[in-house]
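Please walk me through this protein model. Start with the backbone, then go to the packed helices and the cores.

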Amino acid sequence: MKKSAAVLLGGVLVLSTAACGSGSTTEPGGKVTININGQPPQTQAFDRKVFDEDVAEFEKQNQDIDLVPHEGFMDPKTFSAKLAGGQLEDVFYVYFTDPAALIARKQAADLTDYVKDVPHYGDLKQELKDVFTVDGKVYGLPTANYTMGLLYSRTNFTKAGLNPDQPPKTWDEVRAAAKKLKDAGVTGFAEYSKSNQGGWHFTTWMKSVGGDIARKDGDTYKADFNNDKGKEVLRRLKEMRWDDNSMGEKQLLEIGDVQNMMGAGQLGMYLAAPDNVAAIVNQFKGKYDDYGLAAIPEQKGTLLGGEGYMINPKATPEKIKAGLKWIQWKYLNPDRLEGNLQKYKDRGQPVGLPIPPIADIWTGEPRKQQEDLKAKYATMPVKNFQAYVDGSESTKGSLEPPQAQQVYAILDSVVQAVLTNKDADHAALLKDAETKVNAVLAQVK
């Protein structure tokens with residue numbers, strides 16, 4: 001599922017009539033010219049200004065490299081045509097759900113012989129590097145990630161007699177807290193169930209209890225939720241919705257509804273990534289002090305998402321080296337972190353959440369350095385979100401299933417039925433969804 005707040009950028013801008021990835025490698029004087037995408041649109045003034053300043057600074061420090069920025073990101077619908085027509089940028093943005101298919105179609109450059117020279121590559125989380133690695137060969141670099149956790153209202157926890165510094169760690173504890181929140185006059189727990197978001201969160205629930213949605217079966221995939229784990233998830237939803245009435249009467253919710261409930265002080269908890277906190281504050285008039293973020297309940301697994309960059313398969317070695325130098329300098333550079341945080345703080349931007357410019361991608365010394373600097377420059381109470389950060393270290397994240405949006409659309413109906421029909425037949429719902437999902441997964445090549 002794509003991230004829900006303004007962490008993700010978009011837009012399309014035609015900068016010139018020149019081809020992007022298939023032009024000449026060098027200019028007179030020995031400069032290497034590379035086309036890069038990921039430039040924020042002008043409607044995102046702060047992010048655009050930072051990006052353009054970084055381009056200028058990078059070119060000043062690397063006078064043998066000329067960057068040509070392009071707005072926009074990787075669009076799966078137009079990607080192949082751009083590549084075939086020589087219009088694909090040399091360095092291009094991808095979501096974590098993109099690399100596997102691109103690698104299989106040989107639509108990204110093999111970077112294996114180059115990444116050994118990328119500073120701090122060894123300090124990146126292995127599970128993030130694995131997204132871009134197939135059969136030991138590396139095809140890209142991760143630059144940011146998120147995992148799902150439990151977002152909760154510290155204010156409503158206090159109102160309900162719960163300790164906001166000790167958020168629930170298990171689903172049993174979530175249920176108990178939701179009951180107390182309901183008794184205190186707010187909806188205890190909310191869940192999405194439409195616009196493919198119910199299936200997205202059902203996937204998160206499955207991972208949290210040690211299950212999954214799909215498994216590899218030889219060269220194909222099979223549905224993997226019509227089992228005890230799937231029944232456990234539906235049972236827990238039923239208990240909170242119908243036995244406890246801690247999820248309220250209004251259902252068929254999606255992300256905007258739930259964020260609005262949280263921002264209005266009407267909700268206790270829901271599953272979310274860190275960018276939701278910023279969205280609630282910016283779009284629904286919440287306050288950072290009012291929210292906490294904890295690790296996913298049970299911590300047997302969680303849904304992993306994120307972004308990174310790959311390089312045009314037609315790029316020359318000179319362009320590959322220049323492209324990797326830009327990606328590392330801009331996105332994977334612990335030496336620039338303090339300056340970036342100072343810039344964000346000085347310009348009135350929030351600092352403290354585990355989202356860019358403090359992406360949760362590091363291990364070892366860079367991670368310690370980042371956490372120290374985050375605390376130093378924070379404009380919000382970092383401790384409110386520390387349980388999530390600590391939990392991410394010990395919780396394995398894994399990617400969305402193949403054909404995720406089609407699968408989620410099918411699973412939406414399962415979640416909807418459980419939340420709107422007290423007598424819903426869980427076994428029948430899972431069996432029917434399994435048949436439909438297997439038909440979708442049979443299309444995966």
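Predicted model: local features only at pLDDT ≥ 70, side-chain atom pairs only at ≥ 80, totals over all residues.

Where does Ser195 lie? Ser195 sits in the loop between strand S8 (187–189) and H8. Most residues other than glycine have a negative phi, and most peptide bonds are trans. Ser195 is not a glycine, yet its phi is positive, at about 60°. Its relative accessibility is 39%, so Ser195 counts as partly exposed.

Gln299 has a positive phi too, of about 60°, and is not a glycine. Look for Gln299 in the loop between strand S12 (291–294) and strand S13 (302–311). Gln299 counts as partly exposed because its relative accessibility is 28%.

Next comes a peptide bond. The bond from Pro356 to Pro357 is cis, with omega near 10°. Pro357 belongs to the loop between helix H13 (337–346) and helix H14 (364–377).

Another proline, Pro334, is in the loop between helix H12 (317–331) and H13. Is Pro334 buried or exposed? Its relative accessibility is 8%, so Pro334 counts as buried. Leave aside the neighbours within four places in sequence. Pro334 is then in contact with His120, Trp362, Pro366 and Gln369.

Now turn to the helix pairs. Two packed helices are described by the angle between their axes and the distance between the axes. Take H8 and H9. Helix H8 covers residues 197–208 and helix H9 covers residues 228–243. They pack at an angle of about 115°, and their axes are 9 Å apart. That angle makes H8 roughly perpendicular to H9. The crossing of H8 past H9 is right-handed.

Which residues meet across this pair? From H8 come Phe202, Trp205 and Met206. From H9 come Lys229, Gly230, Val233, Leu234, Arg236, Leu237 and Met240. Sorted by class, the contact of H8 with H9 has 7 nonpolar, 1 polar and 2 charged residues.

The second pair is H16 and helix H17 (residues 426–441). Their packing angle is about 170°, and their axes lie 9 Å apart. H16 and H17 are therefore roughly antiparallel to each other. On the H16 side, the contact is made by Gln406, Val407, Ile410, Leu411, Val414, Ala417 and Val418. H17 supplies His426, Leu429, Leu430, Ala433, Lys436, Val437, Val440 and Leu441. By class, the contact of H16 with H17 has 12 nonpolar, 2 polar and 1 charged residues.

Go on to the cores. The largest nonpolar core has 76 residues. Which of its members touch the most other members? They are Leu151, Phe189, Phe202, Phe225, Met269 and Tyr270. Helix H16 (residues 404–420) gives the most to this core, with 10 residues. A second, separate core has 51 residues, including Phe51, Leu102, Ile103 and Tyr121.

Ala178 is part of helix H7 (residues 171–183). At 0% relative accessibility, Ala178 counts as buried. What does Ala178 touch, not counting residues up to four places away in sequence? The list is Gly188, Phe189, Met240, Ser246 and Met269. Ala178 and Phe189 are 11 residues apart in sequence, and their C-alpha atoms are 5.8 Å apart. For Pro334, the separation from Ala178 is 156 residues in sequence and 40 Å in space, C-alpha to C-alpha.

The last stop is Tyr139. Tyr139 is placed in the loop between strand S5 (137–138) and strand S6 (140–147). Its relative accessibility is 13%, below the 20% limit, so Tyr139 counts as buried. Not counting residues up to four places away in sequence, Tyr139 touches Ile103, Ala108, Ala109, Asp110, Leu111, Phe132, Val134 and Met310. Ile103 is included in the second core. Along the chain, Tyr139 and Gln107 are 32 residues apart. Their C-alpha atoms are separated by 9.7 Å.

How values were computed. Residues numbered from 1 in each chain as written. Heavy atoms only, no water. Axes fitted to C-alpha atoms, helices over the stretch in contact; angles between N-to-C directions. Helix = DSSP H or I, 4+ residues; strand = E, 2+ residues; numbered from the N terminus. Parallel < 35°, antiparallel > 145°, perpendicular 65-115°, else oblique. Left-handed = near helix turned anticlockwise from the far one by under 90°. Contact = heavy atoms within 4.5 Å. Nonpolar A, V, L, I, M, F, W, Y, C, P; charged D, E, K, R; others polar. Core = buried A, V, L, I, M, F, W, Y, C linked by side-chain atoms within 4.5 Å. Buried < 20%, exposed > 50% of the residue type's maximum accessible area, 1.4 Å probe, protein only.
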